[in-house]
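Me: I would like to learn how to read a protein model. Could we go through it feature by feature?

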Amino acid sequence: ENGQLDDTGRFLCDRQDAESGGWFGPSPDWKGEGWYRFAGDNIMMPDTPPGQDKCATNFSGWLNGTHPSLPGTTVDNTTVCFDGGDYHGRCWKSVSGVKITNCIHFFVYHLPEVPSCSARYCSSNHDDI
């Protein structure tokens, strides 16, 4: 596991090659492609579009698929869409090959770099979805 995604800073990016100190600098908790767990009360990625300018970024990442329902199971090759602007509710850009494992009380995600530094993975409490 690379770590936990729990940073709440504004306008940050889940990319290693983002310019530090820039408008869209790298998220401090992003360590590059790998396994992550969302921390705090927001334990999972939303599976509906959260809308533009949510999750402290312009293009908000959401799961265009389903989470594994049984503990200990993994879903392979899921897609994450990035919502925003004229693309609300649709994929502005996407990443595929996302893996998700159900760990009973939380999920872990194998996440690639986001497609642009104006995008970021979102998290939500299941009750909020």
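Me: What should I know before I start?

Reply: This is a predicted model, in which local features need pLDDT of at least 70 and side-chain atom pairs count only at pLDDT 80 or more, while totals for chains, interfaces and linings use all residues. Residues are numbered from 1 along each chain as its sequence is written, and side-chain values use heavy atoms, with hydrogens and water left out.

Me: How many helices and strands are there in the protein?

Reply: Helices (H or I, at least four residues) and strands (E, at least two) are DSSP runs, numbered from the N terminus. Here there are zero helices and seven strands. Along the sequence the pattern reads β-β-β-β-β-β-β.

Me: Which strand does strand 4 pair with, and in what sense?

Reply: Two strands pair if DSSP finds at least two bridges between them. Strand 4 pairs with strand 5 in the antiparallel sense, over six bridges. In this pairing Val75 stands opposite Ile100 in strand 5.

Me: Which strands pair with strand 6?

Reply: Strand 5 pairs with strand 6 in the antiparallel sense over four bridges. Thr101 stands opposite Val108, and Lys99 stands opposite His110. Strand 2 also pairs with strand 6, antiparallel and over four bridges. There, Arg37 stands opposite Val108. Val108 therefore has a residue opposite it in each pairing: Thr101 and Arg37, by the bridge rule for DSSP strands.

Me: Is strand 6 mostly covered or mostly open?

Reply: Buried means under 20% relative accessible area, exposed means over 50%, and partly exposed lies in between (1.4 Å probe, protein chains only). Strand 6 is mostly covered, with five of its five residues buried. On one side are Phe107, Tyr109 and Leu111, on the other Val108 and His110, and all are buried. Across the protein, buried residues make up 44% of the 129 residues.

Me: Which residues touch the most other members of the largest nonpolar core?

Reply: A nonpolar core is a set of buried Ala, Val, Leu, Ile, Met, Phe, Trp, Tyr and Cys residues joined through side-chain atoms within 4.5 Å. The largest one has 19 residues, and Met45, Val80, Phe82, Tyr109, Leu111 and Tyr121 touch the most other members. Strand 2 (34-38), strand 3, strand 4, strand 5, strand 6 and strand 7 (119-121) each supply at least two residues of this core.

Me: Where is Ser60, and is Ser60 buried or exposed?

Reply: Ser60 is found in strand 3 (residues 59-64). Ser60 is buried, with a relative accessible area of 0%. Beyond its neighbours within four places in sequence, Ser60 is in contact with several residues, among them Pro50, Asp53, Cys81, Arg120 and Cys122.

Me: Which residues does a disulfide join?

Reply: A disulfide is a pair of cysteine sulfur atoms within 2.5 Å. A search of the whole structure finds one. This disulfide joins Cys81 to Cys91, with an S to S distance of 1.7 Å. The pair links distant parts of the chain, 10 residues apart: Cys81 is in strand 4 (residues 74-83), and Cys91 is in the loop between strand 4 and strand 5 (93-102). Cys81 is buried at 0% relative accessibility, whereas Cys91 is partly exposed at 32%. Another cysteine, Cys103, is partly exposed at 27%.

Me: Which residues have a positive phi?

Reply: Most residues other than glycine have a negative phi. Asn77 has a positive phi, near 55°. Asn77 is in strand 4 and is exposed, at 58% relative accessibility. Ile104 also has a positive phi, near 75°. Ile104 lies in the loop between strand 5 and strand 6 (107-111) and is exposed at 60%. These two strands form a hairpin with four residues between them, and Ile104 is in the turn.

Methods: Contact means heavy atoms within 4.5 Å.
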